[in-house]
Structure formats: C-alpha cells, structure tokens
Number of protein chains: 2
Amino acid sequence: MNLENPVIAIIGAGAVGGYYGARLAHAGYQVHFHMRSDASHVRQSGIKIQSKDGDFSLPPDRIRAHEHPATMPKADLIVVTLKTTANNQLPELLQPIVKDDSAILTLQNGLGNEELLAENFGAHRVLGGMAFVCINRLAPGHISHTDHGMIQLAEFSTPQGDSPRARRIAEIFSKSNVHCATIPNLIYGRWEKLLWNIPFNGLGALLDLSTDRLINSEPGLYLVRQLMADVQTAAASLGVRFPPDLIQKKIDYTRTMGPYKTSTQIDRHKNRPFELDAIWGKPLTAAKRAAAATPALEILYNNLLLIDPGSKFP
Amino acid sequence: MNLENPVIAIIGAGAVGGYYGARLAHAGYQVHFHMRSDASHVRQSGIKIQSKDGDFSLPPDRIRAHEHPATMPKADLIVVTLKTTANNQLPELLQPIVKDDSAILTLQNGLGNEELLAENFGAHRVLGGMAFVCINRLAPGHISHTDHGMIQLAEFSTPQGDSPRARRIAEIFSKSNVHCATIPNLIYGRWEKLLWNIPFNGLGALLDLSTDRLINSEPGLYLVRQLMADVQTAAASLGVRFPPDLIQKKIDYTRTMGPYKTSTQIDRHKNRPFELDAIWGKPLTAAKRAAAATPALEILYNNLLLIDPGSKFP
C-alpha cells in the first residue's frame with residue numbers, strides 16, 4: 001500500500017466526502033471523487049468550500065470527479081462517505097478500485113458499515129472513522145463547513161484500534177488541515193458518535209428543529225438527555241463505558257454549533273430516506289439483544305419509522 | 001331549574017358543540033349557540049350536518065347564534081364545548097347566562113375543566129361529560145359526524161355521578177338522537193376518554209397521521225400501546241382501575257373510524273394552539289404527583305411542547 005503518495009478515492013462524496021476530499025486534494029493529494037449527481041457540475045465549475053478553518057476552492061482542472069468508480073484507478077486509500085441507505089450498492093461500487101493492499105476507511109454514520117465492508121473485502125482492509133463535524137451541502141459543488149471537523153479513526157479487525165497504517169492515514173488528514181487522530185477502540189468511537197447522532201439527528205427530523213432549538217429549551221434538553229441516557233445504557237450493556245462527564249461535554253459541544261440542521265432533518269425536508277437502520281435500528285437491536293432497557297430510543301425509532309420516506313410506513 | 005322546557009346554551013360551539021347543539025335544536029329544544037367566528041355565517045345560512053346517524057339542516061330562522069353570551073337569555077342547561085386553550089375566558093363567557101339553578105355540563109377535553117367551573121360558579125352546578133365521537137368542521141356551519149357519538153355524563157360534586165338532574169340531561173340528549181347515559185364515576189370517565197385522546201390526538205399531531213395510519217402499522221400500534229399502558233398506570237395510581245380488556249376495546253373502536261384526523265392534528269395543520277395542558281400536561285402532573293412512572297407520556301408531552309403553536313417553545 002502506497003500511503004506515501006497515495007491514490008485516494010472518496011466513495012459517495014456528498015457534504016462530508018466532498019469536504020474532506022476537497023481538503024485532501026487542496027493539500028496536493030491525488031483524490032478521485034465518486035459523486036452521483038454532482039460530478040458533471042463539479043467537473044465544469046469546481047468545488048467551493050466555505051469553512052470555519054478557511055475558505056478555499058478547487059478549480060475544475062484540479063478535480064477528478066466520476067459518476068461511477070469504474071472510471072477510477074485502483075486506490076491506496078478508499079474513504080467511504082456513501083449514505084448508509086445506499087449500502088446495498090457498496091460492494092459493486094468498491095469492486096473496481098480495491099487492490100490487494102487498499103485500506104478502506106468508512107466515515108459513514110451508525111453501526112454495521114465496517115462489518116459490511118469486512119464481509120465483502122476482508123476485515124484486514126477495513127478501518128472505521130467518526131467525523132465530528134457540522135457540514136451542509138449548499139448547492140452542487142458548494143459546501144459549508146460551519147463547526148468542528150475532527151476525525152477519529154481506528155482499525156476494525158485488531159484489538160487495538162491503533163496501527164502504523166491508521167497513524168499514517170491520520171497524518172494524511174492532518175497534513176490537509178483536518179484534525180485527525182487514531183483512537184484505541186473503534187466500538188467506543190462508534191457509540192460516542194451515536195451519543196450525539198441518536199438524539200440530534202432523530203429529534204431534528206421528528207420535530208424539524210435545528211440543534212440550537214433542541215439544546216436551548218427545557219423540553220428539548222429533557223428529550224436529548226433521556227436519549228443520551230439510553231445510549232449510555234445501551235453502550236454499557238455492550239461493555240462500552242463512557243466517562244461520567246461525556247454527556248455534559250456533548251451538550252456543551254452542541255451549544256457552540258449554532259442553528260445546525262442535521263443531515264436527517266435535511267433528509268426530511270427533501271423527502272429522502274433517513275439513515276434509520278444505521279443510526280437507530282442497529283443500536284436498538286444491539287441494546288435489546290443485550291437486554292438493555294432503552295425506552296426513549298425505542299419510542300424515537302418507532303416515531304421515525306412512521307415518517308421516514310425510506311421506510312414502508314409513511 | 002327548568003329541565004322540562006329548558007333554555008340551552010352551547011358555549012364555544014365549534015365542531016362538537018355545533019353538532020350536539022344542532023341535534024338538540026333539531027329535536028325542538030331552544031338552543032342558543034355561542035360561536036366566535038361562525039355566528040354571522042350561521043345566522044345567514046344555517047347549519048348543515050352530515051351525520052352517520054342521518055343528515056339534517058337547521059335553516060337560519062331556527063338558529064340562535066351569538067358572538068357573545070351577553071346577548072343570550074339565562075340558561076337552564078349550559079353545555080361547554082369551548083376549546084380548553086380559551087379556558088381563561090370561560091368565567092366571563094358564562095357570567096351573563098348563569099342563574100341560580102343553571103346546570104353547567106362541560107364536554108371539553110382532558111382534566112381540570114370541572115374544577116375551573118366549580119371554582120367560579122360552585123361545584124353543585126357542575127357536571128362533566130365525555131363525548132366519544134368523530135366530528136370535524138368542514139366549513140362555517142358545515143359539520144361532518146363520521147362515527148360514534150355517545151355522551152357519558154356524571155355529576156362533579158357528589159360521590160355518585162348519577163343524579164335525577166344528570167338522568168334528565170341524558171334524556172334530553174337521547175330524545176335528540178344522541179346516545180347518552182349517566183355513569184357512576186366522573187373521574188373514571190375522564191381517564192377512559194384520556195386513554196384514547198392521549199395517544200391518538202398526541203401522535204396524530206406529532207406525526208401528522210390520521211388514526212387509521214397509527215392503528216394499522218406495527219410502529220404506530222407500538223406507540224399507541226405504550227401510551228395506553230402509561231395512561232392505565234397513571235389512572236391506577238389515582239385509584240381508577242380499567243377493566244383488563246379496555247385497551248383492546250379502544251383499539252378495536254378506533255379500527256371502525258377509518259382515516260379520522262383528531263382535533264389536535266387539525267390544530268397542527270391550522271397552526272392553532274393544542275389543548276396541551278388539558279390532555280397531556282395535567283394528566284402527566286397527576287401521574288407524577290402519585291409517583292407513577294409514565295415515560296412514553298412524558299416523552300410525548302415534551303415532543304408536543306416543542307411543536308405546539310400555543311406553547312412558548314416553537
């Protein structure tokens with residue numbers, strides 16, 4: 001695997017993949033973007049990033065955008081930012097660009113993504129990453145990065161999340177002005193991210209409220225805390241222990257964001273399927289299997305099932 | 001009190017008061033309607049009722065519609081169907097028409113209405129009634145009664161809900177083609193009604209789903225049952241015991257309704273305040289005071305607080 005001068009592929013480059021891919025390309029790495037609908041626009045007009053860490057643009061001649069990975073070279077580092085609702089396409093999308101020593105890093109939401117990649121391409125190839133970031137796509141090729149931005153990543157198949165490869169990938173991001181670090185335990189990272197996504201993506205979509213509206217009202221904070229307590233219970237039932245102040249830290253972290261609309265709130269606006277199974281379904285199933293009682297999560301999941309344009313119920 | 005040839009006043013005649021008042025007037029009783037916005041329309045064009053128990057109309061010359069009860073005579077029977085969100089106006093509205101022997105029957109939703117009337121006009125005057133009915137207002141003076149219709153009523157201030165006066169009022173409704181019966185215990189009746197209103201009005205507004213969509217899907221039924229179990233727990237903590245098959249009966253009763261939109265779902269469509277305190281707030285407070293755990297009710301209440309146009313949060 002060439003991680004000195006890597007060929008990088010971003011699979012499913014929407015807001016998150018577009019932003020991080022643009023950071024990597026801006027730093028001089030060879031980045032190939034797989035974009036479903038924006039590829040031709042981006043080839044013509046480039047990518048524009050508004051970022052709290054500095055605005056920048058990539059002109060058309062510095063963009064390698066592909067409608068399908070079939071036109072890409074084999075990649076040293078494959079970063080998966082595909083929406084989990086399209087995961088059934090993932091094996092077919094990755095097939096053309098995976099080589100013997102490719103590293104596959106999924107930055108997708110929720111649970112189950114590393115397992116899917118491991119089943120299809122071998123666990124040894126897979127790393128998981130959590131992007132703690134506020135990003136929205138404003139228009140084709142136009143992305144707004146309003147807050148945070150850190151990526152934490154870890155190996156999937158080893159007891160330690162850390163590895164030389166993982167550290168090298170973190171370094172590539174760090175050199176691209178993305179704060180990135182390896183963490184010792186991927187499962188912990190996944191549940192820490194869920195501690196935020198489960199309440200804010202869920203309530204944001206259910207109530208059509210941005211994060212500030214949830215965090216700055218008594219009933220919003222009540223609901224957020226009930227859900228965070230359930231996520232803590234679920235995580236603990238799987239052996240993942242949060243530090244005692246983590247919930248308060250996540251609430252404080254949210255206060256800095258301003259009026260942020262989560263991707264699921266935007267999905268609801270645009271009548272697009274929610275990432276229901278990855279963010280709420282699989283965590284709830286894991287909690288139930290471990291006999292953990294998570295009533296607020298179960299109620300939220302059932303509420304979302306009834307409004308998710310991607311479920312069979314609405 | 002003249003309940004042989006009574007003067008009847010309907011205070012806050014919307015869909016429910018318009019329908020029952022029209023039934024009474026159609027049967028020949030002297031009925032005065034207090035209507036906020038529809039009075040002049042109704043004086044000009046009358047009232048049209050589409051009802052599963054038989055359509056009928058009241059021509060303008062048989063309608064006594066008033067913008068304010070100040071123009072009404074003193075009433076023998078005052079039927080209150082005012083939306084509970086306007087309860088702060090109730091004392092002033094009733095003042096002109098209450099006489100020494102008036103009976104005041106509230107058919108309003110939720111808890112606290114009898115108490116408010118008792119504080120202002122004396123407990124001995126007050127009766128409570130539950131209207132189990134599917135009614136919507138289609139247009140000014142045009143009401144659709146699609147299912148059910150029974151009124152249960154009881155005295156507020158005596159240990160027995162039943163009384164000669166209560167039976168006489170039930171007879172007046174019965175003679176007007178409204179199935180009506182006295183019940184032995186008002187508190188029981190209130191909680192039985194809440195067993196339906198809490199889930200269906202609440203979820204209907206939160207999810208913008210009609211009753212059939214809630215009852216005919218697995219997640220909808222899950223949420224309904226969780227909430228009904230909480231209402232049962234709350235009622236039991238106050239000494240009100242439901243028969244073991246009541247929840248199933250309420251679900252079966254809902255199946256007959258077809259795609260019914262509750263008043264709170266319609267409130268949400270029209271951006272009008274929800275009856276939040278009467279239907280959810282007061283029952284939750286009562287449950288908490290009795291140390292009953294009702295997590296689904298508490299979550300629903302907090303969700304509704306965040307979307308109710310009448311609360312301070314949205």
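Modeller: Buried means under 20% relative accessible area, exposed means over 50%, and partly exposed lies in between, with a 1.4 Å probe and protein chains only. This is a predicted model, in which local features need pLDDT of at least 70 and side-chain atom pairs count only at pLDDT 80 or more, while totals for chains, interfaces and linings use all residues. Residues are numbered from 1 along each chain as its sequence is written, chains are lettered from A and ligands numbered from 1 in the order in which they are written, and side-chain values use heavy atoms, with hydrogens and water left out.

Colleague: How many helices and strands does chain A have?

Modeller: Helices (H or I, at least four residues) and strands (E, at least two) are DSSP runs, numbered from the N terminus. On that basis, chain A contains twelve helices and ten strands.

Colleague: What is the radius of gyration of chain A?

Modeller: The radius is taken over C-alpha atoms, and the globule rule is 2.2 Å times the number of residues to the power 0.38. For 314 residues the rule gives 20 Å, and the value for chain A is close to that, so the chain is as compact as a globular protein of that length. Along the principal axes, the C-alpha atoms fill a box of roughly 50 × 40 × 35 Å. The radius of gyration itself is 19 Å.

Colleague: How far apart do the centres of the positive and negative side chains of chain A lie?

Modeller: Lys and Arg count as positive and Asp and Glu as negative, whereas His and the chain ends are not counted. Each charge is placed at NZ of Lys, CZ of Arg, CG of Asp or CD of Glu. Chain A has 32 positive and 29 negative side chains, and the separation between the centres of the two sets is 2 Å.

Colleague: How many of the 13 residues of H12(A) are buried?

Modeller: Helix H12 of chain A covers residues 295-307, and its end C-alpha atoms are 19 Å apart, in agreement with the 18 Å that it should span; the expected span is 1.5 Å times one less than the number of residues. The buried residues include Glu298(A), Tyr301(A), Asn302(A) and Asn303(A). H12(A) is mostly covered, and the buried count is twelve.

Colleague: How many of the twelve residues of H1(A) are buried?

Modeller: H1(A), residues 15-26, reaches 16 Å from its first C-alpha to its last, close to the 16 Å expected. Its buried residues include Gly17(A), Gly18(A), Tyr19(A), Tyr20(A) and Arg23(A), and just after the helix Gly28(A) takes a positive phi of about 105°. H1(A) is mostly covered, and the number buried is ten.

Colleague: What is the phi of His148(B), which is not a glycine?

Modeller: Most residues other than glycine have a negative phi. His148(B) belongs to strand E9 (residues 142-155) of chain B. Its phi is positive, at about 55°.

Colleague: Is Ala291(B) buried or exposed?

Modeller: Ala291(B) sits in the loop between helix H11 (276-289) and H12 of chain B. Although not a glycine, Ala291(B) has a positive phi of about 60°. With a relative accessible area of 70%, Ala291(B) is exposed.

Colleague: Which residues is Gly12(B) in contact with, leaving aside its neighbours within four places in sequence?

Modeller: Gly12(B) is found in the loop between strand E1 (7-11) and helix H1 (15-26) of chain B. At 13% relative accessibility, Gly12(B) counts as buried. Beyond those sequence neighbours, Gly12(B) is in contact with His34(B), Thr81(B) and Leu82(B).

Colleague: Which residues does Asn87(B) touch, not counting residues up to four places away in sequence?

Modeller: Asn87(B) lies in the loop between strand E6 (77-80) and helix H3 (90-94) of chain B. Its relative accessibility is 14%, so Asn87(B) counts as buried. With that exclusion, Asn87(B) touches Leu82(B), Gln108(B), Asn113(B) and Leu116(B).

Colleague: What is the relative accessible area of Asn271(B)?

Modeller: Asn271(B) occupies the loop between helix H10 (263-270) and H11 of chain B. Asn271(B) is exposed, and its relative accessible area is 58%.

Methods
Contact means heavy atoms within 4.5 Å.
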